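Here are a few exercises to work through with the model open beside you. Try each task before reading its solution.

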Amino acid sequence: MPVYLTFYDGAGCIGGNKILLEDGDNALFFDFGTNFGAEGKFFDEFLAPRASFGLYDLLCLDILPPLEGIYRKDLEYNGIWKKFSSHAHYRYLTVRGVILSHAHYDHCGHFSYISEDIPVITGLSSALICKALQDTGGGNRLQEICYINPRELKDGLLQTGNYRSKPYKQRKYVIADKEYIPEKACGFWENLDSSRSLQCCSLGKIKDTNELGDLRVISWPVDHSVPGASAYAIETSEGWVVYTGDLRLHGKNGGLTRKFFNEAAKLNPVALICEGTHPGTINPVTEEQVAQNCFDAVKKAKGVVVADFGPRNVERLLSFLSIAKETKRKLVLTSKDIYLLEALNCADEPEIPNPLAEDLILLYDRPKTRRDKWEEALYDRFDSSKIVDAEVIKQNPKDYILCFSYYDFHAFLDIEPKGGTYIYSSSEAYDEEMLIDHNRIKNWIEYFGFELYGSLGRDREKSGFHASGHIHGPGIEEMVETIKPRVLIPIHTQDKEFFKRFEGKCQVLWPERSKTIKLNQ
């Protein structure tokens with residue numbers, strides 16, 4: 001019977017992947033992420049979708065697909081589907097699960113809206129990152145990717161009600177990459193430092209191959225800029241469908257990605273759904289080069305060093321930990337970064353240090369009028385001798401590498417650095433808002449007399465202080481030529497021209513948003 005792939009998002013753009021696979025009565029999604037470009041057309045940091053209106057705002061703006069049956073009932077107004085039933089893409093849908101390739105918001109951000117009864121199939125590290133993100137999250141957007149805060153209709157608005165009477169309800173996460181889940185991972189998953197209780201749903205587990213309805217699932221670890229990234233294959237009635245998620249070859253674990261190529265090739269897949277974020281890059285900067293360049297900059301630094309890199313880029317954080325060790329400095333982290341390391345340490349990954357036991361890792365004590373419960377608990381279990389504030393750093397600034405980024409800049413007003421080194425080791429500005437942010441970063445750097453290493457603005461990877469999380473053009477060619485799919489479907493890309501080179505080697509199908517591709521012999 002034919003297999004259908006519908007690309008509700010992630011087609012012809014970067015991020016926001018929402019790819020529905022249907023095979024007879026079985027259906028599942030590959031990712032269900034936030035399309036920041038689409039949301040950015042209507043919303044910003046201060047103008048956000050209204051949580052008290054549930055699904056309504058995002059359905060109205062065609063940001064969420066009108067698929068009755070997959071969303072949380074507590075986010076649906078009475079009669080909401082009557083309003084959207086005339087939409088061209090409306091349908092009733094039942095899905096068996098959502099496969100999460102990795103824990104970046106452009107792949108998991110819209111989990112907040114899907115039914116808590118739909119299982120999330122992912123790797124253990126990705127599950128733990130998701131929980132850490134929600135535990136430490138905040139802001140004015142709905143961020144309930146791991147457990148939900150049930151709403152009820154009151155005075156015409158969806159409200160959370162009495163928190164004492166309604167516990168948070170945890171989503172079901174099924175672990176695809178472990179036969180054994182460590183006890184401390186289960187403990188972290190089921191614990192919530194909050195004044196509110198948690199209705200737990202324990203981590204499930206499957207073997208590397210597993211029955212999900214009539215669909216078998218295989219996962220492979222791949223290299224990306226966040227731990228736990230995986231590629232997946234689904235065995236359908238038409239053959240194997242392979243989904244890359246986001247991946248690269250130029251990180252320290254690039255060998256995992258190449259192993260995925262070789263293993264996926266053995267399946268003779270009918271289709272490869274392939275990311276193509278940076279196909280125009282020929283010789284990408286590697287993580288090893290970034291680490292060496294950062295080391296050289298820190299080694300000759302006379303004062304305080306600021307390391308600015310992307311959130312959840314643990315590989316970069318570990319590079320700076322090694323640099324701190326080699327240059328006899330201490331690594332100062334925010335409470336969110338330490339909490340994330342704690343979460344990942346629960347997965348028993350050997351390269352992830354326990355921040356409570358690592359002498360070189362210090363916690364920056366940021367002045368606050370009040371701390372959230374998770375942060376209070378972190379302070380309680382953290383060695384007080386490893387907690388440093390601005391006054392301590394001010395005394396001997398040359399002893400520290402501060403892992404700070406844009407939203408931590410208030411600390412400079414307290415530390416009062418007199419010069420120093422600022423290493424910008426994060427992505428280029430890919431839109432006008434980020435350009436404005438980068439100009440503000442320049443202003444802070446100039447005001448405090450920092451020497452800048454790395455590129456601000458639109459120049460990508462030219463400085464050698466940042467490595468992309470995405471595969472380069474020759475790597476995509478190697479992947480396609482190794483796996484040899486019958487059908488190639490590029491997603492997470494805007495470069496249609498690049499993929500024309502594969503015509504003749506396989507059938508190349510360019511997906512369109514909310515359109516369906518039929519796979520059959």
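**Exercise 1.** In the loop between which two elements is Lys484 found? Then classify its backbone and its exposure.

*Solution.* The model is predicted.
- Step 1: Lys484 sits in the loop that runs between α15 (473-483) and β27 (487-491).
- Step 2: Most residues other than glycine have a negative phi.
- Step 3: Lys484 is not a glycine, yet its phi is positive, about 55°.
- Step 4: The relative accessible area of Lys484 is 62%, and exposed means over 50%, so Lys484 is exposed.

**Exercise 2.** Is His472 buried or exposed, and which residues is it in contact with beyond four places in sequence?

*Solution.* 
- Step 1: His472 belongs to the loop between β26 (450-453) and α15.
- Step 2: With a relative accessible area of 12%, and buried meaning under 20%, His472 is buried.
- Step 3: Setting aside neighbours within four places in sequence, the contacts of His472 are Leu249, His250, His278, Thr281, Ile282 and Pro284.

**Exercise 3.** Describe the surroundings of Asp135: which side chain makes a polar contact with its side chain?

*Solution.* 
- Step 1: Asp135 lies in helix α5 (residues 124-135).
- Step 2: Asp135 is buried, its relative accessible area being 10%.
- Step 3: Leaving out neighbours within four places in sequence, Asp135 is in contact with Tyr147, Phe188, Leu192, Tyr339 and Trp374.
- Step 4: The polar contact joins the side chains of Asp135 and Lys131, at 2.7 Å.
- Step 5: For a distance check, Asp135 and Tyr92 are 43 residues apart in sequence and 32 Å apart in space, C-alpha to C-alpha.

**Exercise 4.** At what angle do α8 and α9 pack, and which residues make the contact?

*Solution.* 
- Step 1: Two packed helices are described by the angle between their axes and the distance between the axes.
- Step 2: For α8 (residues 287-299) and α9 (residues 314-326), the angle is about 40° and the axes are 10 Å apart.
- Step 3: The crossing of α8 and α9 is right-handed.
- Step 4: α8 contributes Glu287, Val290, Ala291, Cys294, Phe295 and Val298, while α9 contributes Glu315, Arg316, Ser319, Phe320, Ile323 and Glu326.
- Step 5: Sorted by class, the contact of α8 with α9 has seven nonpolar, one polar and four charged residues.

Notes. Residues are numbered from 1 along each chain as its sequence is written. This is a predicted model: local features need pLDDT of at least 70, side-chain atom pairs count only at pLDDT 80 or more; totals for chains, interfaces and linings use all residues. Side-chain values use heavy atoms; hydrogens and water are left out. Helices (H or I, at least four residues) and strands (E, at least two) are DSSP runs, numbered from the N terminus. Buried means under 20% relative accessible area, exposed over 50%, partly exposed in between (1.4 Å probe, protein chains only). Contact means heavy atoms within 4.5 Å. A polar contact is a pair of N or O atoms within 3.5 Å; within protein, one must be able to donate a hydrogen and the other to accept it, and residues adjacent in sequence count only if both atoms are side-chain atoms. Axes are lines fitted to C-alpha atoms, for helices over the stretch in contact, and angles run from 0 to 180 degrees between N-to-C directions. A crossing is left-handed if the near helix is turned anticlockwise from the far one by less than a right angle, and right-handed if clockwise. Ala, Val, Leu, Ile, Met, Phe, Trp, Tyr, Cys and Pro count as nonpolar, Asp, Glu, Lys and Arg as charged, and the others, Gly among them, as polar.
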